[in-house]
Amino acid sequence: MLQRLHVVLNISPDKLLYYYEGEVNAVVAKTTDGRTIRFPANVLRSVVQKHGVHGTFELVFNEQNKFVSICRIDN
C-alpha cells in the first residue's frame with residue numbers, strides 16, 4: 001500500500017544550492033499532520049522553480065518506504 005504524505009516546503013534558491021552541491025543530501029520536513037519525515041534532497045529537482053521550492057506537496061512512498069513521487073498540490 002502506498003503512503004501519501006503532505007508537506008509544506010519553503011526552500012529558498014540559496015538553500016537549494018546546499019542540496020545541489022551535495023553538502024546536504026536529505027530534507028527533513030514536518031507533514032501537515034505533525035509527523036517529521038526525511039527524504040532524499042534529489043527528489044526536489046522536479047519541483048524547483050526560479051524562486052525555490054514553495055508550497056504544499058504530496059510525497060508518495062511504497063511499502064518499503066522508498067520514494068515514488070512528488071507533486072505540488074496547491075496553487
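## Close-ups of a predicted fold

**View 1. Arg-72 and its salt-bridge partner.** Start with Arg-72, which is partly exposed at a relative accessible area of 32%. Keep in mind that this is a predicted model. The side chain of Arg-72 meets that of Asp-74 in a salt bridge, with N and O 2.7 Å apart. Asp-74 also counts as partly exposed, at 31% relative accessibility.

**View 2. Arg-35 and Asp-33 pair up.** Here's another salt bridge, this one between Arg-35 and Asp-33, whose closest N and O atoms sit 2.9 Å apart. Asp-33 counts as exposed at 51% relative accessibility, since anything over 50% goes in that class. Arg-35 has a relative accessible area of 38%, so it falls in the partly exposed class.

View 3. Arg-4 and Glu-58 join their side chains in a salt bridge, 3.3 Å from N to O. Why does this pair tie together separate parts of the chain? Arg-4 belongs to strand 1 (residues 3-11) while Glu-58 belongs to strand 4 (residues 53-61), so the parts being tied together are 54 residues apart in sequence. Is Glu-58 buried or exposed? With 15% relative accessibility, Glu-58 counts as buried, because the cut-off for that label is under 20%. The salt bridges in the model come to three.

**View 4. The hairpin of strands 4 and 5.** Stay with Glu-58 for a moment: standing opposite is Cys-71, in strand 5. Strand 4 and strand 5 (residues 67-72) run antiparallel to each other and pair over five bridges. Between the two strands of this hairpin there are five residues, and Asn-65 takes a positive phi near 65°.

**View 5. The largest nonpolar core.** How many residues does the largest nonpolar core have? It has 18, and those with the most contacts inside it are Val-7, Leu-9, Phe-39, Leu-44, Val-53 and Phe-57. As background, nonpolar side chains in soluble globular proteins tend to be buried together.

**View 6. Val-53 and its contacts.** Zoom in on Val-53, one of the core residues with the most contacts inside the core. Which residues does Val-53 touch, once its neighbours within four places in sequence are left aside? Val-53 is in contact with Leu-9, Asn-10, Ile-11, Leu-16, Leu-44, Val-47 and Val-48.

Technical notes: Residues are numbered from 1 along each chain as its sequence is written. This is a predicted model: local features need pLDDT of at least 70, side-chain atom pairs count only at pLDDT 80 or more; totals for chains, interfaces and linings use all residues. Side-chain values use heavy atoms; hydrogens and water are left out. A salt bridge is a side-chain nitrogen of Lys or Arg within 4 Å of a carboxyl oxygen of Asp or Glu. Helices (H or I, at least four residues) and strands (E, at least two) are DSSP runs, numbered from the N terminus. Buried means under 20% relative accessible area, exposed over 50%, partly exposed in between (1.4 Å probe, protein chains only). Two strands pair if DSSP finds at least two bridges between them. A nonpolar core is a set of buried Ala, Val, Leu, Ile, Met, Phe, Trp, Tyr and Cys residues joined through side-chain atoms within 4.5 Å. Contact means heavy atoms within 4.5 Å.
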